[in-house]
Amino acid sequence: MRLRGGAAVAVLIMLSVAGCKDTTGASGPGATTGGDSGANSGGGGGGGAALTAAESLTVKGRAPKTGYSRERFGTAWADTDSNSCDTRDDILKRDLKQVKFTGGTCKVSYGVLESDPYSGKEVTYRRGASLVDIDHLVALSDAWQKGAKYWDASKRIALANDPLNLLTVDASANRSKGDGDTATWVPPNKAYRCTYVAAQVAVKKKYGLWVTAAEKAAMKKVLSTCPGQKLPSGGNPTSAPSRFHAK
């Protein structure tokens, strides 16, 4: 769950550097261009795509949390895109500015979150004493209760490491969210709410997760304030490589 402001858009450029592909090409929660290699993609679309997608989400009740554990979604920050960098560092590289590395071009040792999406403030990242989290926009326990419980392990691992579902944010703001959905939590930074909700809609549509009635109503309420909001697209395939396993 841990994971720039309202204008946060991941740069879609595929680069290659020695020993590690640069994952600035991985689509982030604000991205609206490029294709999607996963099933059930929401697509990029034009104005109003996010609200239209929210209206299309299946509504069901929240299933019990019974059986949930983080391990059901695989080892944290697995390198599912096979670029020799773990997912956490991939997302830090994508979202931070002034990035510095230790021991190569994968491990981020320093960076600046110039405008935290959730609080709007500037946050400095230092490895080992971090003030940032990588948030799962759709919390894994929320996903478990809305469909992921019934998936095979490869799909759960894919969700946990999909750049479309991951965002670098201020740790304190993120921890106030917990595993809440749109009905129970939205960012204090009002300027980011439409982007945030659109990203949650995109993830739920891509992976075929359902929403509760209260959650869908909350999504539509936020997105009705920005009827031209586009739907993010991209990210990783919805199945992780077979070498990855989960309990």
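Are tryptophan 151 and tyrosine 207 buried or exposed? Tryptophan 151 is buried, and tyrosine 207 is buried as well. Before I go on, please note that this is a predicted model.

Let me stay with those two residues. Their ring centres are 5.9 Å apart and their planes meet at 25°, and stacked means under 30 degrees, so this pair is stacked. As for where they sit, tryptophan 151 is in the loop between H3 and helix H4, which covers 153–160. Tyrosine 207 belongs to helix H6, residues 193–207. The pair therefore ties together parts that are 56 residues apart in sequence.

Tryptophan 151 has another neighbour to mention. Lysine 155 lies over the face of the tryptophan 151 ring, 4.5 Å from the ring centre. There is a further case of this kind at tyrosine 110, where lysine 100 lies over the face at 5.1 Å from the ring centre.

Now the aromatic residues in general. Searching the whole structure gives eight aromatic pairs. One aromatic cluster is formed by Tyr118, Trp185, Tyr192 and Tyr196.

Last, aspartate 142. This residue is in helix H3, which runs over residues 140–144. Its relative accessible area is 2%, and buried means under 20%, so aspartate 142 counts as buried. Its side chain makes a polar contact of 2.6 Å with the side chain of lysine 146. Which residues does aspartate 142 touch, leaving out those up to four places away in sequence? They are Arg62, Asp179, Asp181, Lys204 and Glu215.

Key
Residues are numbered from 1 along each chain as its sequence is written. This is a predicted model: local features need pLDDT of at least 70, side-chain atom pairs count only at pLDDT 80 or more; totals for chains, interfaces and linings use all residues. Side-chain values use heavy atoms; hydrogens and water are left out. Helices (H or I, at least four residues) and strands (E, at least two) are DSSP runs, numbered from the N terminus. Buried means under 20% relative accessible area, exposed over 50%, partly exposed in between (1.4 Å probe, protein chains only). A polar contact is a pair of N or O atoms within 3.5 Å; within protein, one must be able to donate a hydrogen and the other to accept it, and residues adjacent in sequence count only if both atoms are side-chain atoms. Contact means heavy atoms within 4.5 Å. Rings of Phe, Tyr and Trp (its six-membered ring) pair if their centres lie within 6.5 Å; planes under 30 degrees apart count as stacked, over 60 as edge-to-face and the rest as tilted. A charge sits over a ring if NZ of Lys or CZ of Arg is within 6 Å of the ring centre and within 35 degrees of the ring normal.
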